[in-house]
Amino acid sequence: MTVGVFDPQGPIAGQERDLIVLAIGLMLLIAIPMLILLYTFAWRYRAGNKKSADAYQPDHVGSFGRQLLWWCIPATLIAVLAVINWKTTHALDPFAPIPSSTPPLTVEVVALQWKWLFIYPQQGIATVNWLEFPARTPVHFLLTADAPMSSFWIPQLGSQIYAMSAMQTQLYLEASSTGEFVGKDTEINGAGYAGMTFTADAVSESDFNAWVAGVKASSSAPALTMGAYNALAAPSAYVPPAFYSSADPNLYDYVLMKYMVPSSSPVMTGMKM
Amino acid sequence: MEHFLLGDLTWSALPHQWFTVGATATIVAGLAVLAGLLTYLKKWKWLWKEWLTSTDPKKIGIMYIVMASVMLFRGGLDAAMIWLQQAMSAGNAPGFLGAAHGYLDANHFQQIFTAHGDIMVFFVTMGFFFGLINLIVPLQIGARDLAFPFMNSLGFWLYVAGAVFINMFFVIGGQFAGSGWLSLPPLSELQYSPGTGIDYWVWSLQISGLGSLLGGINFVATILKMRAKGMTLMKMPLFTWTSLCSMVLVIASFPVLTITTLLLWADRFFGMHFFTTTAGGNPMLYVNLIWMWGHPEVYILVIPAFGIFSEVVSTFSGKRIFGYVSMVMAAIGITLLSFLVWLHHFFTMGAGADVDAFFGIMTGVIAIPTAVQIFNWIATMYRGRIRFTTPMMYFLGFAGIFTMGGMAGVLLSIPGADFELHNSLFLVAHFHTMIVSAALFGIFAGITYWFPKVTGFTLNERIGRRAFWLWVVGYFVSFIPLYILGFLGATRRLDHYAASTGWQPLFITAGVGVLIIAAGALTQVWQVIVSIRERDEHRDTTGDPWGGHSLEWSTPSPVPYYSFAVAPEVDSRDAFWEMKKRGWKPGPAAPGTYKDIVMAKNTGMAIYLSGFVFLGAFGLVWHIIWLAVAGIGGAIACFIIQSFDEDTEYILPAAEVERLDRMAWERNK
């Protein structure tokens with residue numbers, strides 16, 4: 001059992017955890033005194049409390065100054081949070097590269113019904129529901145979908161992002177140490193939604209290279225041709241990890257373009273009326 | 001020919017799964033018992049003449065609340081089914097009833113949480129608020145009826161038709177939408193969701209949405225044009241103010257929902273491409289549009305509750321509300337801001353840092369007026385004489401829980417945090433916190449508070465407080481685990497999860513919480529039964545059982561159907577509070593002050609019209625074109641006939657008003 005968001009294993013997740021803790025802390029600065037005041041007053045001014053009976057002031061409706069104070073207290077907090085919001089939103093922009101001396105590894109991600117296809121364009125291999133990558137190296141994800149909208153999330157590494165048909169989103173993540181992390185879809189996308197999980201396995205640089213070579217050489221890993229892809233893209237749930245020793249270099253672009261083709265597209269069949 | 005007559009209907013559409021057979025049997029048995037009872041007691045005519053065809057906002061309000069209570073039971077059952085599935089479906093535990101995990105297969109589970117969300121939002125929370133606003137707002141502003149009595153009846157019956165329609169799939173079709181309460185495309189497009197589930201979803205929302213829009217227009221017109229003489233806007237009670245804000249939101253946002261879902265339906269029915277992934281369609285448009293309605297919608301659900309709590313806090317603190325102008329400004333501020341934040345529902349779509357940050361900051365800004373309201377409630381209690389009645393207890397529970405949920409909301413408004421919490425159970429815990437604490441607790445507080453005004457007796461306080469504690473404890477036991485699960489990386493809407501996640505104990509704990517909440521709800525039913533039995537001990541003889549501040553408390557309880565024997569005049573805020581200071585005593589008005597009253601006649605036309613709309617929608621779901629044409633044509637015909645009916649009012653003569661007024665006060669002596 002892991003503690004997910006509070007057990008970050010990479011710089012993005014780490015910053016996000018710190019941001020969550022900071023924001024909660026700042027809000028508690030106002031919330032705690034406010035609630036103490038609320039319940040103290042409720043008890044202190046209860047009917048029948050002899051000590052406060054003389055204090056009763058039914059027409060006490062306040063002043064402009066008091067109201068100004070009321071507006072300024074939360075406004076100050078929100079102003080501080082707004083600054084934090086602006087800065088962190090830009091710092092944590094999923095599309096923004098992670099500063100690093102190591103060049104990023106590119107992984108093309110295709111959300112399918114109901115599994116994740118990972119294509120490694122630089123290595124020329126592909127996997128399903130298994131994401132192997134070197135630790136301490138930024139990973140540049142390019143994401144699209146051949147499925148209903150899905151959301152790609154590895155809680156211990158940080159930010160999630162949607163994967164959508166006919167569109168490409170991007171995400172940079174990095175693992176600061178080796179280890180296996182759980183990845184998942186967070187957006188309801190049909191019957192196999194709950195089983196659309198994968199393993200994100202961060203390994204050392206050399207282990208990664210050995211793994212790539214192993215997949216390429218493996219006799220049990222077929223080639224991901226267009227035909228193999230179309231079979232893979234058919235709906236299936238709780239799919240165990242699978243490996244492909246080669247991947248059609250145009251596959252990702254094909255998936256991306258598939259939905260941009262006008263009316264002759266194969267997905268147009270099945271229309272009623 | 002067969003397709004012309006029956007469209008896509010086949011024998012397989014009849015109930016055959018355990019849940020459709022069970023639900024259909026329950027519905028049929030329930031209706032049979034009801035019909036038997038009405039026949040046995042010879043109450044059919046009474047029901048039709050006194051209730052169903054009534055245009056009296058008080059009766060319509062009560063009918064809204066009854067219907068919403070029934071739907072609360074239905075939506076609560078869904079919640080229990082969701083939790084049961086999640087509590088038992090970890091890892092490789094054997095499934096039941098043919099399911100691979102737990103006892104529900106994934107499709108069925110997804111339909112249940114979709115129905116749960118839609119029912120709780122459209123038919124429970126909105127139903128209760130429309131009911132309470134119907135009951136109380138006209139009384140608070142000194143009006144006898146709404147601006148458009150027939151339209152009010154029509155709005156209510158469209159709401160009923162929508163509520164029946166969302167359950168129709170049990171009887172015919174066997175399949176509801178399984179795409180989440182907002183049915184985002186492309187999942188909700190024909191390509192990924194064939195069948196009639198989504199169409200049932202679209203049309204139940206279309207029908208009830210039309211009803212809500214009519215109600216919204218009616219309330220805004222009523223509040224703006226029918227206030228008592230002297231009641232300027234800034235003298236209105238706060239519940240009226242927040243109702244006005246909420247109804248302005250209804251008018252501004254519901255057309256967006258109607259159009260958006262209609263376009264989705266056009267995609268499905270006519271093969272158009274508004275939101276498809278192909279041929280130039282764009283699902284992101286739908287996501288934007290639906291949340292342009294959806295975010296104002298959540299404020300439609302909570303702003304009226306702020307007004308209820310303002311009334312409750314000031315009444316039970318024995319003080320006038322602190323910072324009235326600020327409270328009004330806060331409500332208006334929240335109303336306006338609610339249209340500027342919709343994108344925070346999908347920061348993870350990749351709109352870019354500038355856009356995300358803008359919407360995030362705007363969302364945070366909403367916390368300011370919200371906090372101001374809480375400060376003013378605290379200041380209202382300061383130097384008060386607080387009575388811990390059930391409504392006040394609900395306020396105190398609300399304030400703590402809502403603050404926590406609000407913090408969770410501000411946290412989610414920061415994109416960097418949202419990237420790690422979006423679509424997780426943390427989000428689910430957040431919005432349930434807001435809806436349970438503000439909307440539901442507000443509704444419970446409001447119903448308890450105004451119950452004597454409507455029925456003439458107060459609810460049993462001891463049982464009421466017991467129900468309150470069960471709800472509060474149940475809330476914490478069921479939703480704190482969800483906050484934790486969200487941090488652990490658990491996503492929403494899971495029908496199954498790996499045992500290695502270690503989540504099961506937390507899901508089971510949440511399930512125990514549901515049982516406690518259910519006990520709370522049953523206690524409330526028990527409270528109503530006991531209170532009716534003991535009604536003679538709890539009679540409200542003064543019309544003002546709590547020491548209220550606004551005009552509704554100047555009428556005898558139960559409030560007569562003409563509401564005010566003599567139209568009230570107002571010259572200050574807290575009008576009734578001032579009247580009492582000046583020596584007002586409960587009792588009939590002075591002889592000679594009575595005038596003839598123009599009253600709206602009852603009409604069954606709204607029922608017929610809604611029936612036609614229902615049939616038309618059914619025809620559209622099943623592609624039965626003649627039925628769709630007949631249904632829509634019939635509805636238009638009803639509308640035209642009603643428009644030409646000039647005989648919609650009658651006069652209640654002054655002498656009769658005087659007699660009734662004396663009787664109403666006499667009875668209470």
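Six strands of chain A make up an open, mixed sheet, ordered S8-S5-S1-S2-S3-S12. This is a predicted model, where local features need pLDDT of at least 70, side-chain atom pairs count only at pLDDT 80 or more, and totals for chains, interfaces and linings use all residues. Residues are numbered from 1 along each chain as its sequence is written, chains are lettered from A and ligands numbered from 1 in the order written, and side-chain values use heavy atoms, leaving out hydrogens and water.

Me: Why do S8 and S12 of chain A stand at the edges of the sheet?
Reply: Strand S8 (169–173) and strand S12 (242–244) of chain A each have a single partner strand, so one side of each has no neighbour in the sheet. From one strand to the next, the twist averages 20°.

Me: How do you know that S1 and S5 of chain A pair?
Reply: Strands (E, at least two residues) and helices (H or I, at least four) are DSSP runs, numbered from the N terminus. Two strands pair if DSSP finds at least two bridges between them. S1 (residues 105–112) and S5 (residues 139–145) of chain A have seven bridges, in the parallel sense. Across that pairing, A:Val110 sits opposite A:Thr144.

Me: What makes helix H4 of chain A a neighbour that packs on the sheet?
Reply: H4 (residues 205–217) touches S1, S2 (115–120), S3 (125–128) and S12 of chain A, and contact means heavy atoms within 4.5 Å. The direction of H4 makes about 90° with that of S3 in chain A. Such angles run from 0 to 180 degrees between N-to-C directions, with axes fitted to C-alpha atoms (for helices, over the stretch in contact).

Me: Why is B:Asn423 called buried?
Reply: Buried means under 20% relative accessible area, exposed over 50%, and partly exposed in between (1.4 Å probe, protein chains only). B:Asn423 comes out at 3%, so it counts as buried.

Me: And why is A:Tyr238 called partly exposed?
Reply: A:Tyr238 has 38% relative accessibility, so it counts as partly exposed.

Me: What makes the phi of those two residues worth a look?
Reply: Most residues other than glycine have a negative phi, and most peptide bonds are trans. A:Tyr238 has a positive phi of about 50°, in the loop between H5 (226–233) and S12 of chain A. For B:Asn423, phi is positive too, about 60°, and its loop runs between H13 (415–421) and H14 (425–455) of chain B.
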